[in-house]
Amino acid sequence: MNIKSIGVVGAGTMGSGIAQTAAVAGFDVVMIDVSDAALSKGRAALASSLERLVAKGKLDAATQKAALERIVTSVDYAQLASVDVVIEAATENVELKGRILKQIEAAARPDAIIATNTSSISITALAAQLADPSRVVGMHFFNPVPMMPLVEIIRGLQTSDETAAAVRTLTERIDKSPIGVRNSPGFVVNRILIPMINEAFFVLNEGVATAHEIDEGMKLGANHPIGPLALADLIGLDVCLSVMEVFVRDFGDPKYRACSLLRELVAAGRLGRKTGRGVYDYAV
């Protein structure tokens, strides 16, 4: 497939980042969300991200302008009728993603590839809800999308060789590094990373050390660029909790139980950077 255009469903942090990355790489992009307000917020976020890249000398002004001109936004799924690949980038919720994927399938061309940017949910299970599961594949981008080079490409049981190969080529064309992953809860990175973050919450909850000391310990002692609790705030505490719940459900192993402190913070609406407060306070 000669991929020239990409649809992105979801204008949040991940969706706007994917749209930005694709547009910078020269693809025409259609970004879909449920409201004009959500689309305006997403477009403003990616425009600000592009401005920062120009200010740092990592992008020239002409490329910035061209990228913005390649992105159109809409609340109408019918706008996806002409794109070659559609990437779903909604919240990590299996029911929500299933509904969106069905809407995408109804609107997109029969030969369009349908990708889901899930960090933990079974690609096989999501694909099984569609009439043609062979064209469904996982593309797990990492936050912040414009800066993080990795994309996990996850094949469901039904994913065709052609779909997997096309998406791997697309990943390289948007200047990302793909790794192939078998369908399994959390795939590779989050299977290792999120339980480590959850354990950091247990350590904090038990009073073994302060949040700052835990993060400094992992930065200085394990050579991590960012501590696990600060990383949780960046990812979103609700996302971390959702992934742990997927692990408990799909593995059936109590070792993946979420820390009560993580649950408490999510219940309080302290989700991290996106709400201004999580483990740390970002409002000051």
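Which residues is Met 139 in contact with, leaving aside its neighbours within four places in sequence? In this predicted model, where local features need pLDDT of at least 70, side-chain atom pairs count only at pLDDT 80 or more, and totals for chains, interfaces and linings use all residues, the partners of Met 139 are Ile 87, Ala 115, Thr 116, Asn 117, Thr 118, Val 151, Glu 152, Ile 154, Val 167, Leu 170 and Thr 171, contact meaning heavy atoms within 4.5 Å. Residues are numbered from 1 along each chain as its sequence is written, and side-chain values use heavy atoms, with hydrogens and water left out.

## Nonpolar cores

Met 139 belongs to the largest nonpolar core, which has 34 residues, and is listed with Ile 6, Ile 87, Phe 141 and Leu 170 as touching the most other members. A nonpolar core is here a set of buried Ala, Val, Leu, Ile, Met, Phe, Trp, Tyr and Cys residues joined through side-chain atoms within 4.5 Å, and buried means under 20% relative accessible area, exposed over 50%, and partly exposed in between, with a 1.4 Å probe and protein chains only. Helix α1 (residues 13-24) gives the most to this core, with five residues; helices (H or I, at least four residues) and strands (E, at least two) are DSSP runs numbered from the N terminus. Another core, of 26 residues, lies apart from it and includes Leu 229, Leu 231, Cys 240 and Leu 261. In soluble globular proteins, nonpolar side chains tend to be buried together.

## Helix pairs

Two packed helices are described by the angle between their axes and the distance between the axes. Axes are lines fitted to C-alpha atoms, for helices over the stretch in contact, and angles run from 0 to 180 degrees between N-to-C directions.

The axes of α1 and α2 come within 9 Å and cross at roughly 50°, and that makes α1 oblique to α2, given that angles under 35 degrees count as roughly parallel, over 145 as roughly antiparallel, 65 to 115 as roughly perpendicular and the rest as oblique. This crossing of α1 and α2 is right-handed; a crossing is left-handed if the near helix is turned anticlockwise from the far one by less than a right angle, and right-handed if clockwise. On the α1 side, Ser 16, Ala 19, Gln 20 and Val 24 meet Gly 42, Ala 45, Leu 46, Ser 49, Leu 50 and Leu 53 of α2. The residues of this contact divide into six nonpolar, four polar and no charged, where Ala, Val, Leu, Ile, Met, Phe, Trp, Tyr, Cys and Pro count as nonpolar, Asp, Glu, Lys and Arg as charged, and the others, Gly among them, as polar.

For helix α7 (residues 189-205) and helix α10 (residues 237-251), the axes come within 10 Å and cross at roughly 110°, and the two helices are therefore roughly perpendicular to each other. The crossing of α7 and α10 is left-handed. Asn 190, Arg 191, Ile 194, Pro 195, Ile 197, Asn 198 and Phe 201 of α7 make the contact with Leu 237, Cys 240, Val 243, Met 244, Phe 247 and Phe 251 of α10, a set that divides into 10 nonpolar, two polar and one charged.

Helix α9 is mostly covered, with six of its eight residues buried: Pro 228, Leu 229, Ala 230, Leu 231, Ala 232 and Asp 233. These buried residues pack against α7, α8 and α10, and α9 is followed by Gly 236, whose phi is positive, near 115°.

## Backbone and exposure

Most residues other than glycine have a negative phi, and most peptide bonds are trans.

Asp 175 counts as exposed at 68% relative accessibility, and Asn 223 counts as exposed at 69%. A cis peptide bond, with omega about 0°, joins Asn 143 and Pro 144, and Pro 144 is found in the loop between β6 (136-141) and β7 (150-155).

Lys 41, in helix α2 (residues 36-55), is exposed, with a relative accessible area of 67%. The C-alpha atoms of Lys 41 and Asn 223 are separated by 35 Å, the two residues being 182 residues apart along the chain. Ser 160, in the loop between β7 and α6, is by contrast buried, with a relative accessible area of 17%, and, its neighbours within four places in sequence left aside, Ser 160 is in contact with Ser 134 and Arg 155.
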